[in-house]
Amino acid sequence: MLKDITIGQYYQAQSLIHRLDPRVKIGGTLLYVITLFFYKNFIGYGLAILFLALVIRLSKVPFKFMVKGMKSILFLLMITVLFNLFLTPGTPVVTFWKLKITQEGTELAVSMALRLSLLVIGSSLMTLTTTPNNLTDGMEKMMGFLKIFKVPVHEVAMMMSIALRFIPILMEETDKIMKAQMARGADFESGNLIARAKAMVPLLVPLFVSAFRRANDLAMAMEARCYRGGEGRTKMKPLKYHKRDFLAYFLLLFFVVASIWAGRLKLPMLMVGVA
Amino acid sequence: MSIVRTENLVHEYERRDEEGNIEGVTTAVDHVSLDVKEGSFIAILGHNGSGKSTLAKHINAILSPKEGTVWVDGLDTAKEENLWEVRQRAGMVFQNPDNQIIGQVVEEDVGFGPENMGVPTKEIWERVEESLRAVGMYEYRKYSPNKLSGGQKQRVSIAGVLAMHPKVIVFDEPTAMLDPGGRKEVIRAARGLNQVEGVTIILITHYMEEIVHADQVFVMDHGKIAMQGTPREIFSQMERLKDLRLDVPQVTLLAYELQQAGVPLPDGILTRKELVDALISPRIDSLP
Amino acid sequence: MPITIEHLTHTYGEDTTLAVKALDDITLTIPDGQFVGIIGHTGSGKSTLVQHLNGLLKGSSGHIIFDGQDIYAKDYSLKELRRKVGLVFQYPEHQLFEIDVFSDVCFGPKNLGLSEAEIKERATAALEAVSMPKELYNQSPFDLSGGQKRRAAIAGVLAMNPKVLILDEPTAGLDPQGRQEILDLIKKLQTESKMTILLVSHSMEDVAEYVDRILVMNHGRVAFDGTPKEVFAHYKELEEMGLACPQVTYVMHDLKERGLPVDVSATTVEEAKQSILHALSLA
C-alpha cells in the first residue's frame with residue numbers, strides 16, 4: 001500500500017553506527033564523499049572500499065538494501081561508463097568498426113563507475129542508519145552557525161520534519177481521492193500526455209485543498225501548544241556527544257589523511273593494460 | 001472560583017467578494033457571557049455553524065475578542081503579554097486527529113508543548129511519561145502516530161496538552177471523526193482527567209450521549225447562548241432542542257414518548273438505568 | 001440487477017510474510033431494491049468489501065456476479081460497472097474540485113461521454129434529488145456549509161444514474177440535523193428511485209431505523225446476516241466484537257429481566273414504546 005512507503009528508508013537495527021550522533025554521520029558522509037574525488041589510483045579506491053565495507057559490517061544493515069539504492073541509478077551508471085569508455089581519446093586498446101576503446105577511457109570508465117557506486121552506497125548508508133528525525137536534528141545543529149547570517153535554520157528543520165510526518169498521510173489521501181474520482185468515471189491511465197495531464201486536475205485540486213486545510217489546522221494546533229519558533233525552546237532529546245562519537249571522528253580523520261596520501265601516490269588506475 | 005469567564009464576547013467574520021472588498025459581516029459569537037467554575041466539566045452544544053468552535057478558540061487566545069473580554073485564570077486574553085501564559089493554562093484538543101500531531105514518534109509529540117515552553121530536558125521526560133500514563137498510551141510511546149487508531153491519536157493529542165500542565169482543556173469536537181469505540185476512549189480519558197487530575201474540561205460536541213455526565217451544559221445557536229443548565233434540565237426540553245437542530249439520546253427520547261402517551265415518568269431521563277428503574281417502580285402499575 | 005458474491009477473498013501484501021486477509025471467503029447475494037446496512041468496527045473489512053463491488057479493488061480469489069455477468073471476466077468493462085454501481089466515499093466532499101457546484105456534478109456524466117444536453121439534464125436531476133437550493137448551483141463548492149458540501153458530492157455520484165448506490169459512512173462529522181437529512185435522502189432514493197442501497201455505518205440506531213437487512217462484518221468475514229431484529233438478537237456476541245446494539249434494545253432486555261413482559265426484539269423507539277405500553281396495560 002502507498003502508506004507503507006518510507007522516505008529515506010530507515011533500517012531498524014541495534015548497531016554502533018545506528019547509535020552514533022547524527023552529526024558524526026552527516027559530517028562523516030560529507031568527508032567520505034569528498035575523498036572519493038582525491039583518488040587517481042587503485043590503492044585509493046581500495047582504501048575507500050575497505051572503509052565502506054567496514055562501516056557496512058558494523059551497521060548490521062544487510063548489503064542487499066544498499067544494492068536496492070543502486071538500482072535507481074543503474075541507467076545513469078551505464079550511460080556514464082559507456083560514454084567514457086568510447087569517447088575518451090587516447091591509446092586504443094580494442095578497435096571494432098568506428099568505435100575504439102582506449103586505455104585512458106577504460107581507466108576513466110572504471111573510476112567513474114566506482115566513484116558513483118561508492119557515493120550512492122555511502123550516502124544511503126547514512127539514511128539507512130539514521131531516523132529522519134535525528135537527521136533533521138543533526139542538520140539543525142550543524143547549520144546553527146548560519147543563524148548569524150539570518151538563515152532560519154530552526155524553521156527549515158521544523159519544516160522538513162513536518163513534511164516527513166505528512167508524506168504518508170498525503171499519500172493515503174491521494175489514493176483515496178483517486179479512487180473516488182474513478183468511481184465517477186475518471187480515467188487516469190489512458191490517452192496521450194495532454195489528456196493525462198488534464199485528467200490530473202480532479203486529483204490535484206482536492207489534494208491541494210486538503211493540504212492547505214491540514215496546514216492551517218496544524219499551524220493552529222502548534223500555536224495552541226505555545227510554539228513560537230526556535231527561540232527559548234528546550235529539547236526533549238538534545239544531541240550529546242559520547243565517547244564513541246569522538247572515536248568515530250578520530251577514525252574519520254585518520255581515513256581522510258590516508259586518502260590524501262593515497263591520492264598522491266603515482267600509481268596507475270588499473271594494474272592491467274599497457275605498462 | 002471561576003477559571004474561564006467571558007463578558008459580552010463578540011466575534012465577527014468579514015465576508016469578502018472576489019476582489020477582496022468587504023461584502024458583509026457574520027457575527028459568529030454574539031454577546032456571550034459565561035462563567036466556568038474551576039474543576040468542573042462543561043459541555044457546549046450546538047449545530048454546525050452555531051458559533052461554538054469560534055467561542056472555543058477565544059479561550060485559547062487563538063482568536064482575540066472584537067468586543068467584550070475573556071479571562072482565563074484571571075488573565076485577560078486580549079493582552080499581548082498574557083498570550084503564552086493563556087495558551088499554557090488553557091490547552092486545546094482539535095477535531096482532526098491527524099492534523100494536530102506534530103511529532104513522528106508518540107513521545108516526541110507529547111514533548112512538543114513543554115519544549116516550546118522551555119521546560120528543562122529532564123522534566124520534559126517526566127511530564128511526557130506521566131501524561132501518556134494518564135491517558136493510557138504509555139505502551140505506545142515509541143510508535144509512529146500513523147500506526148495508531150483515531151481514538152488513540154486523540155488520546156496522544158490529549159497527552160500532548162496535558163504535558164503543558166494546563167488548568168483547563170478545551171475539546172473542540174474531539175470525537176466527530178471517530179468510530180463509537182474511539183469516541184468512548186476519548187470521553188473516558190476526558191472524564192478521567194477531570195475526576196483524577198482535577199482539570200477543568202470544556203467539551204464541545206454534537207453527540208448528546210457524551211454530555212450526560214457534564215456538570216453544566218450550554219446550548220449555542222446563532223452565536224448566542226440559547227439554553228443553559230444541567231443535562232437533565234436541558235434534556236427535559238425536548239421541543240426546544242428540536243428547534244435548535246439537536247437531538248437527544250434514544251433513551252431520553254423513549255422516555256419522552258412514553259410520557260406523552262401518558263406514562264407518569266420524571267422529566268429529563270438520561271440513562272438506561274434511570275428509565276428502567278422508573279418504569280419498574282411500583283407507582284406505575286397500570287396504564288392510565 | 002442483483003449482486004452475487006462468491007467466495008471472495010482479498011489479501012493485502014500477498015507475497016510477503018505480513019499477508020493480511022482483509023476479506024475471507026465471503027459469499028452472499030444482494031437482490032434488487034434492498035436497503036442493506038453494513039456494520040463492523042474499524043478494520044473489519046467493510047470498506048474493503050464495498051470497494052470490490054464497483055471494481056476499485058480486485059479480489060485475490062472468488063467471483064462477483066453483477067446482473068448475471070462475472071465482473072472479473074476478461075472482456076468485462078469496469079467503466080460500465082462503475083456507471084451502474086455508484087460509490088460515495090467517506091467524507092465525499094474531499095473530492096470536490098470544480099469551480100462551481102453544477103460543473104462538479106457534471107464531472108461524472110461528462111466522463112460517460114454523454115451529450116451536452118444530457119449532461120446538464122442529469123446534473124440538474126441529481127442536484128434536485130439532494131434538494132440543493134438553485135441559487136447555490138453557481139457557487140464554488142468550497143464556499144458551501146458542511147452538510148451542503150456533502151450533498152453536492154453525493155449528487156456527483158447520483159448524476160452517473162447508478163442502479164446500486166453504496167455509501168461509506170455518509171453521515172460522519174455532520175450535526176444531528178445534517179445526519180437526518182442525509183438519511184432521509186437515502187431512504188427516498190431507495191423507495192422512489194428504486195435503487196439498491198448499501199449503507200456502511202457506525203450508528204446502530206440509524207441502521208435499525210432504516211435498513212431491511214444488516215450484514216455484520218468481523219475479521220473479514222460476515223458474522224451475522226439478517227433483519228435488524230434477527231441481528232440485534234445476538235446483542236451479547238455483537239458486544240464481544242466491540243459493537244453495540246441500539247440503546248432501546250438494552251432497555252428492553254433490562255425491563256424483561258426485571259419482570260416487565262416486553263418484546264426484547266424491539267430495535268426502534270417506536271417499537272419499544274408500543275411494546276412497553278402494551279406490557280404496562282397487561283400488568
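Two strands pair if DSSP finds at least two bridges between them. Strands here are DSSP runs of E of at least two residues, and helices are runs of H or I of at least four, both numbered from the N terminus. This is a predicted model, in which local features need pLDDT of at least 70 and side-chain atom pairs count only at pLDDT 80 or more, while totals for chains, interfaces and linings use all residues. Residues are numbered from 1 along each chain as its sequence is written, and chains are lettered from A and ligands numbered from 1 in the order in which they are written.

I start with chain A. Strand β1 (residues 92-96) of chain A runs antiparallel to strand β2 (residues 99-102) of chain A, and four bridges join them. A:Pro92 has A:Thr102 in β2(A) as its bridge partner. The hairpin of β1(A) and β2(A) has two residues between the strands, and A:Trp97 takes a positive phi near 55 degrees there.

Now the sheets of chain C. One is an open sheet of four strands in the order β2-β1-β4-β5, with antiparallel pairing. β2 (20-30) and β5 (69-70) of chain C each have a single partner strand, so one side of each is left without a neighbour in the sheet. Between strand β1 (residues 3-12) of chain C and β2(C) there are seven bridges. C:Ile5 is bridged to C:Leu28 in β2(C).

Another open sheet has six strands, ordered β6-β7-β8-β3-β9-β10 in chain C, with mixed pairing. β6 and β10 (221-226) of chain C are its edge strands, each pairing on one side only. On average, neighbouring strands of this sheet are turned by 15 degrees against each other, direction ignored. As for angles, axes are lines fitted to C-alpha atoms, for helices over the stretch in contact, and angles run from 0 to 180 degrees between N-to-C directions. Strand β3 (residues 35-39) and strand β8 (residues 196-200) of chain C pair in the parallel sense over four bridges. In that pair, C:Ile38 has C:Val200 of β8(C) as its bridge partner. Helix α6(C) lies across β3, β7 (164-168) and β8 of chain C, and runs at about 155 degrees to β8(C).

Next, the contacts between chains, where two residues are in contact if their C-beta atoms, placed from the backbone, lie within 7 Å. How many residues does chain C give to its contact with chain B? Chain C gives 32 residues and chain B gives 31. On the chain C side, two or more residues come from each of α5 (146-158), α6 (176-192), α10 (247-257) and α11 (269-282). The largest share, seven residues, is from α11(C).

The contact of chain C with chain A takes 22 residues from chain C and 17 from chain A. α2 (78-84), β6 (85-88), α3 (101-111) and α5 of chain C each supply at least two residues of the chain C side.

Last, the cores. A nonpolar core is a set of buried Ala, Val, Leu, Ile, Met, Phe, Trp, Tyr and Cys residues joined through C-beta atoms within 7 Å; buried means 20 or more other C-beta atoms within 10 Å of a residue's own, with C-beta atoms placed from the backbone. The largest nonpolar core has 100 residues, and B:Ala159 and B:Leu254 are among those with the most contacts inside it. Helix α9 (residues 250-260) of chain B gives the largest share, six residues.

Notes: A residue is buried if 20 or more other C-beta atoms lie within 10 Å of its own, exposed if 12 or fewer, and partly exposed in between; C-beta atoms are placed from the backbone.
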